[in-house]
Amino acid sequence: MEWHPGSWRTRPAAQMPLYANADALLAAERALSQAAPIAPIGESEALKQRLAEAAAGKAFVLQGGDCAETFDPRTSEQIDTLAALFAAMAEPLGQSLGTPVVQIARVAGQFAKPRGITTEQRSGESLPVYRGDLINGLEFTPTARRADPARMVQGHAHALATKALLDQLSQPLFTSHEALLLPYEEPLVRRDAADGRHWSVSGHFLWVGDRTRQVDGAHVEFLRGIANPIGIKCGPTLEAEELLRLCDLLDPRQEPGRLTLVVRLGADRIEGQLPDWLRALRTAGRQPLLICDSMHGNTERGGPRKLRRTNVMLQETRAFFTIAEAEGFWPGGLHLEMTPEPVTECLGGRGPVSPDDLTDWRSACDPRLNGGQAIDFARDVAALAARAVAA
């Protein structure tokens, strides 16, 4: 089937909200189709070149930020603090590897979240689950939890304001988010008059999630046609054969910098699964950029909130470096959920030692590393990287 920005509508679409007002949805989509770009095409092209260098072992990627952005207004001080955190983490990584560090933030678009459940119960009342500010509100009321398409226009305005603050930084900080809400993504596709390629201007780097990477699904169909660098979240249910099919669909020409595989297997699964993936990729003649997301595969459940431990995350990251090096692949990056705020949402490092101490929780969804924890984690990974380079 020939691709166009709306061809995803012919495919089954997972993780999509139901909008009660079709006219309101259409009005929001029309408004977005005329909206200003958040990520100009030239910047996304520049990022693709940087990612091609990382895939070739000449750079390292640091991707991180909020699990879920909210519509709370960003200030220049907040953006400066986030950039300072990236810089503090990038310094030891770059020194150990002897390469530049490409910095990509989960910012200016990470407003929608996939969920494993559709409803939430509190005190006997059942309401739709919170799916991110782009879709509904966090407050547990019927009004807030109703999917509202006007939030897409609000989200674009918020992202545009955030990008304006990013443009004032002295360092390049690219934007990224999961391309989850396709009625938001489709209207923000623009065609480059110079060569006819279609680009998303909603963000520099978009990824397909572990819950939406179906080879015949709407999200893969949408992403296969845009020219941006894109990522695939690769979780434990992904088989090597399916991974190769996704690579063929999303990067048929093996374009340098086009495809990033974000490994999120978990410390207890990575040694049993990652080698098979890498051998299959090598046999197929593929060598995409690999980065390690050691947070999502190590999320514990069983309490009022999710839990992540930095020592377990480091265990998976250590295995990632070891396996990549053994299989002839460059361990090209690190993906974290983090904030410069002094939150207590994860255990270990400069953070709580017990679940009872997780008292300062500000995340709208999953737990994040605080600034101190994130810097310590980057230093630990830098030590792993130094050994990998020496080997």
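Let's start at F321: select this residue and you will find it buried, with a relative accessible area of 3%. Keep in mind throughout that this is a predicted model.

F320 and F321 make an edge-to-face aromatic pair, with 5.8 Å from centre to centre and 90° between the planes.

Next, colour strand 1 (residues 60-65) together with strand 12 (residues 331-337). The two run parallel and are joined by five bridges; look for V61 opposite G333. Then show strand 11 (residues 289-293), which also runs parallel to strand 12 and is joined to it by three bridges. Here L290 stands opposite P331. Strand 12 itself is mostly covered, with seven of its seven residues buried.

Time for another ring pair. The count of aromatic pairs comes to three. One of them is F71 with F111, edge-to-face at 5.2 Å centre to centre and 75° between the planes. This pair links distant parts of the chain, 40 residues apart: F71 lies in the loop between strand 1 and helix 3, and F111 in the loop between strand 2 and strand 3. F71 counts as buried at 12% relative accessibility, and F111 does too at 0%.

For the last stop, select helix 1 (residues 22-33) and helix 4 (residues 150-166). They pack at about 25°, with axes 7 Å apart, so they are roughly parallel to each other. Show side chains for L25, A28, E29, A31 and L32 in helix 1, which meet M152, V153 and H156 in helix 4. By class, this contact has six nonpolar, one polar and one charged residues.

Conventions:
Residues numbered from 1 in each chain as written. Predicted model: local features only at pLDDT ≥ 70, side-chain atom pairs only at ≥ 80, totals over all residues. Heavy atoms only, no water. Axes fitted to C-alpha atoms, helices over the stretch in contact; angles between N-to-C directions. Helix = DSSP H or I, 4+ residues; strand = E, 2+ residues; numbered from the N terminus. Parallel < 35°, antiparallel > 145°, perpendicular 65-115°, else oblique. Contact = heavy atoms within 4.5 Å. Nonpolar A, V, L, I, M, F, W, Y, C, P; charged D, E, K, R; others polar. Buried < 20%, exposed > 50% of the residue type's maximum accessible area, 1.4 Å probe, protein only. Pairing = 2+ DSSP bridges. Phe/Tyr/Trp six-rings, centres within 6.5 Å; stacked < 30°, edge-to-face > 60°.
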